[in-house]
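Here are some friendly exercises, each followed by a worked solution. Have the chain view ready and try each task before reading on.

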Amino acid sequence: MSSYTVLVAFFAVALASVIFWFVAPKENRTVWRSTVILSMAMMFLMWAFTYLAQLHPLVAPRRSDLRPEFAE
Amino acid sequence: MVEKYEAMFRSAEMSLVQVYIPQEIARDAVYSLGDQGLVQFRDLNTKIRAFQRTFVPEVRRLDNLQRQYRYLYQLLCEHHIKIFPEADEELSHGFQMAPGTSKIDDHIENGTLIEERTKQLAEASEQLELQKSDLEQFRHVLQAGDEFFANATGLTHPDSQDETFPHSVSFVTGTIPRTKVGTLEQILWRVLRGNLFFKHVELPEPLYDSRSKTKVLKNAFIVFSHGDIILQRVKKVAESLDASLYDISDNGNARSKQLVEINSRLADIYTVLETTNTTLKTELYAISKEIQSWNTVIAREKAVFETLNLFDFDSNRKTLIGEGWVPKDELNSLQGQLARLTASLGVDVPSIIQVLETNKTPPTFHRTNKFTDAFQNIVDCYGTATYREVNPGLPTIVTFPFMFAVMFGDMGHGMLMSMVAALLVFNEKALGRMKRDEIFDMAFSGRYILLLMGLFSIYTGFLYNDMFSKSLTLFKSGWKWPSHWEEGEAIEAKAIGTYVMGLDWAWHGTENALLFSNSYKMKLSVLLGFIHMTYSYMFSLVNALYFKNWIDIVGNFIPGLLFMQGIFGYLSICIVYKWTIDWVKDERVAPGLLNTLINMFLSPGNVAEELYPHQAKVQVILLIVALICVPCLLLIKPLHFKFTQGKESHNGYVATDSQDGGEGLVEHNDQLVKDDDDDEEEGSGHGEEFGDVVIHQVIHTIEFCLNTVSHTASYLRLWALSLAHAQLSTVLWTMTIQIAFNFRGVTGVIMTIVLFTMWFVLTCVILVLMEGTSAMLHSLRLHWVESMSKFFEGEGTPYQPFKFQPADFEVIE
């Protein structure tokens, strides 16, 4: 688990986008291409930023309301 | 047939065509064009006043007929008769012929006839109604008279035995609206100085009032007083207060005789009135079945003549010449349409279509379908795209709902929203036919926007790990709590990995959850904002390349791009870079990015805590580049203008504005030039002076540099709103349904039901509806201001082809 995961996912999304560019339905092709590829890109970005933000955390969760029974 | 261009990325290519139509088939031809909705006709008669045009008499005739139909519709409404909807049989045929002229004449004749008849009937019924109410009031006064005189015996001479009054006492009787009784009494009291006897009784049923044309409550009254002059005065006062006066006898026997007579007259009137009303009703019922289809036919006929008025009428050659915009890929279908029409009418003179070369700006036409329509509307609300420029409506399909979802991220709320939207989408056929009020129509026409907003909200909610403010524990947490601790001891988790998708649920409910989610959401908004703006900015490059506007690339796009990327592109890269470094393991201090950016400007060359080696040098270079970009942005375009345009106009070069592009145009040349004078779109851009260019560019430079900063900051609303949404959702949970979990037994059950209802209703109303609206407005702003300002010109005119509109009476009102 490292920042390479993000790169791998990026290439996967890029590949999927390229494939979709060619297999998009003939009717309303522009709308299909733009909508699907843009959605994939935005969803990837959002996931990637969330993942990266937790990759090397600078703060750790802290709480004092946990009951001792909760310990594994 | 040529395949139609999709016309979503850019508007469709338009051609200016001239249509020559023989006069005898002009009406039919325009009718069939209106059926198809292909051509936007230009007005060729701008110099001729509206009432001097060729087909004004026809339009006026039809106007009158429409007025008659409106009168009938009003009558129908008054009698509470529903009009029958039109049978939509005509939708089935593809090709429809215009109705014959004789049919229209029939309609006109018929309309006048029906109007006269119904008017007569309505007037007669009104008249009878008046008489009826008059007699009824008389009857009431007579009946009240018995009471008046019985109580008024105190006024008679104590020694006289009969009922009659002395001659000196006379009286006035009548009816008056109940609201005015007090006024009448007061005025009479003042006028007669108290020298009167006033009595009134309330009449049981409301009576028809001729003045207000409604039924009002009335009172019958009687005034006793002395003397004829005073009596005249009383009558005047009463009449001025809308009272109706009736003479009755003071003798009981005479009164009952009068009553009998009136009753028989009333009975006659009742019969006549009933017959009249039945006839009117029958007539109106017959009309209600037909009026909708009549109105449609007439509205279409009128639209045809109004369009024909835009045509140039060449009386010598018996042809009408129309000019209009047609999408280039529809030219064939237009030609086919006219050919079919000529063939079916059996006319030997064909209609001719000729494509004109022109330098007029064509209208902007984006072909939308039921899915893209609502998104296109978002953009068109702001401005119509310039002809053939990149249509912002296309990326908006995704970015609008996604930006919304970033602010609205909650799986539960997203699901509620998608379910409602799905309901609208799946029943769109049934809902589309029904009559919708304003608010519901808004939701219905935006159903696909709602659906995408809901779906993306589920996704972002999943990443925020938020479902009605609770976390899901789908994947293995990246945090591990210590193996044992005392109750109440503050403990800190240890990192053992990274959560695969979304926010780690270990953060849920921790003391410093906000600290982490704030930093995450703030960086997320800056990054998304920067990417959104860069993406939009690239469209300005696409536009410049398409219009071969090289100076825009060199003078605007490249310096702007360098400026933007040098500051906020650098910040974005720093954010991502900082995430990828394991500061704890490397035992380095993580530098604050905000301070880094501020110090980059305030003390260039100095870096307090280094993010990466040679950071100081890189930042100085970026700063210099950004600073160089400002004068470039300011100067390149004006200088280029000075050296090219300025010189050319010096050599007597005038921008080509000539009209003689097409061959078939020669004979109309003077006419075309004539109406070019008042065409606003013409001539702009040619008269531009050097000063204008400089001022424009100065404004652009200042705006661009300031906007780079302010727009990036503006995207922080993504963070603010998503934070507010999450917090509000948590507060709602703890203040309602969570309380119920502290109770057991029957109380627990009741509390759960009550508090759950409260929680659910408030969730729908406040969190989904109210917060949703607010997030939608913010997303709208991000598109209109932050994104579209980067490339959108919006100086086009919308394409409005001549097409028959539905002619509902409700729509007219």
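**Exercise 1.** Find out in which hand helix 18 of chain B passes helix 21 of chain B.

*Solution.* Helices here are DSSP runs of H or I with at least four residues, strands are E runs of at least two, and both are numbered from the N terminus.

Next, take the residues: on helix 18 of chain B, those in contact (heavy atoms within 4.5 Å) include B:Leu633 and B:Phe641, and on helix 21 of chain B they include B:Val694 and B:Phe704.

The model is predicted: local features need pLDDT of at least 70, side-chain atom pairs count only at pLDDT 80 or more, and totals for chains, interfaces and linings use all residues. Residues are numbered from 1 along each chain as written, chains are lettered from A and ligands numbered from 1 in written order, and side-chain values use heavy atoms, without hydrogens and water.

**Exercise 2.** Is B:Leu241 buried or exposed?

*Solution.* Start with its place: B:Leu241 sits in the loop between helix 5 (228-240) and strand 8 (244-245) of chain B. Its relative accessible area is 14%, so B:Leu241 is buried (under 20%; exposed is over 50%, partly exposed in between, with a 1.4 Å probe and protein chains only).

Then look at its partners: beyond neighbours within four places in sequence, B:Leu241 touches B:Ile176, B:Pro177, B:Lys180, B:Thr183, B:Leu184 and B:Ile187. B:Ile176 is 65 residues away along the chain, with 7.6 Å between the two C-alpha atoms.

Definitions and conventions: Left-handed = near helix turned anticlockwise from the far one by under 90°.
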